[in-house]
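Visitor: I would like to learn how to read the features of a structure like this one. Could you walk me through it?

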Amino acid sequence: LIRKQVKAKFKAVGNLIEPVRAVKEPGEIKTIRKAVKINQQALQAALELTEQRAGDARAWLTLAKLLDGADQLDERLAALDRALTLAPRDAEVHDLRAVSLASAGRWEEALAACQPAVWQDHPPSKLRFRAACIVAERRDLSAAIERMRQVVQDEPHFYEAWSQLAEWYH
């Protein structure tokens with residue numbers, strides 16, 4: 001089902017060439033057409049990978065990463081769900097799911113994605129970091145700082161968390 005949905009969207013990518021006709025500069029048209037072609041090739045390769053390695057969570061994660069258009073959220077989430085079925089403790093998959101949901105303004109679902117049941121009440125630092133970032137996006141900086149302070153206390157070598165915390169203090 002996921003592959004059928006993506007293949008339908010993949011066909012629609014070809015339709016992106018039409019708006020290019022409104023661009024006046026010939027060089028721009030060539031650049032846009034090239035980018036669309038590369039995107040189509042990447043999606044095709046990812047689809048083939050999921051067909052050849054349907055039981056490999058990384059194949060589904062690869063597909064999800066390429067489904068980055070706003071109109072591809074459902075397909076992206078479906079690919080991530082498939083990856084999580086295959087590798088429920090893959091923090092990178094949970095993280096991308098949280099980022100995707102937050103980008104769509106689905107804040108509660110995004111925060112829930114940072115607290116997967118597989119880790120009970122002890123998700124990895126990467127997901128606690130992501131939860132703090134989501135809280136900050138919702139404009140609750142003091143709560144985000146408190147969450148991030150806990151992350152750096154538990155994981156003192158987590159550079160990205162320290163860096164984000166310093167930026168929020170700035």
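Guide: Gladly; let us start with one side chain. The side chain of serine 100 reaches the backbone oxygen of leucine 96 at 2.8 Å. That is a polar contact, meaning a pair of N or O atoms within 3.5 Å; within protein, one must be able to donate a hydrogen and the other to accept it, and residues adjacent in sequence count only if both atoms are side-chain atoms. Serine 100 sits in helix H6 (residues 91–103). Before we go on, note that this is a predicted model, in which local features need pLDDT of at least 70 and side-chain atom pairs count only at pLDDT 80 or more, while totals for chains, interfaces and linings use all residues. Residues are numbered from 1 along each chain as its sequence is written, and side-chain values use heavy atoms, with hydrogens and water left out.

Visitor: Is serine 100 buried or exposed?

Guide: The general idea is a cut-off on relative accessible area: buried means under 20%, exposed over 50%, and partly exposed in between (1.4 Å probe, protein chains only). Serine 100 has a relative accessible area of 5%, so it counts as buried. Over the chain, buried residues make up 40% of the 170 residues.

Visitor: How many helices and strands does the chain have?

Guide: Both are DSSP runs numbered from the N terminus: helices are H or I with at least four residues, strands are E with at least two. This chain has ten helices and zero strands. For a case to look at, take helix H4 (residues 57–66), where Ala57, Ala59, Trp60, Leu61, Leu63 and Ala64 are buried.

Visitor: Which residue caps the N-terminal end of H4?

Guide: Aspartate 56 does, with a side-chain oxygen 2.9 Å from the backbone nitrogen of arginine 58. The side chain of glutamine 72 reaches the backbone nitrogen of aspartate 68 at 3.2 Å. With a relative accessible area of 8%, glutamine 72 is buried.

Visitor: How many aromatic pairs does the structure hold?

Guide: Rings of Phe, Tyr and Trp (its six-membered ring) pair if their centres lie within 6.5 Å; planes under 30 degrees apart count as stacked, over 60 as edge-to-face and the rest as tilted. The structure holds one such pair. Phenylalanine 129 and phenylalanine 158 form it, tilted, at 5.4 Å centre to centre and 40° between the planes. The pair links distant parts of the chain, 29 residues apart: phenylalanine 129 is in helix H8 (residues 125–137), and phenylalanine 158 is in the loop between helix H9 (141–154) and helix H10 (159–169). Phenylalanine 129 and phenylalanine 158 are both buried.

Visitor: Which residues line the largest pocket?

Guide: On a 1 Å grid over the protein atoms alone, a pocket is an open set of points with protein on both sides within 12 Å along at least five of seven lines, and lining residues have an atom within 4 Å of a point. Here the lining is Cys114, Gln115, Asp121, His122, Pro123, Arg128, Ala131, Arg147, Gln150 and Val151. H8 and H9 are the elements that give two or more residues to this lining, and H9 gives the most, with three.

Visitor: How many disulfides does a search find?

Guide: A disulfide is a pair of cysteine sulfur atoms within 2.5 Å. The search of the whole structure finds zero. Cysteine 114 is in no disulfide, and the nearest cysteine sulfur, that of cysteine 133, is 9.0 Å away. Cysteine 114 counts as buried at 2% relative accessibility, and cysteine 133 is buried at 11%.

Visitor: Where are residues with a positive phi that are not glycine?

Guide: Phi of glutamine 120 is near 50°, and this residue is found in the loop between H7 and H8. Phi of arginine 139 is near 75°, and arginine 139 lies in the loop between H8 and H9. Glutamine 120 is exposed, with a relative accessible area of 62%; arginine 139 is exposed too, at 77%.

How values were computed: 1 Å grid on protein atoms, 1.4 Å probe; cavity = no way out; pocket = protein on both sides within 12 Å on 5 of 7 lines; lining within 4 Å.
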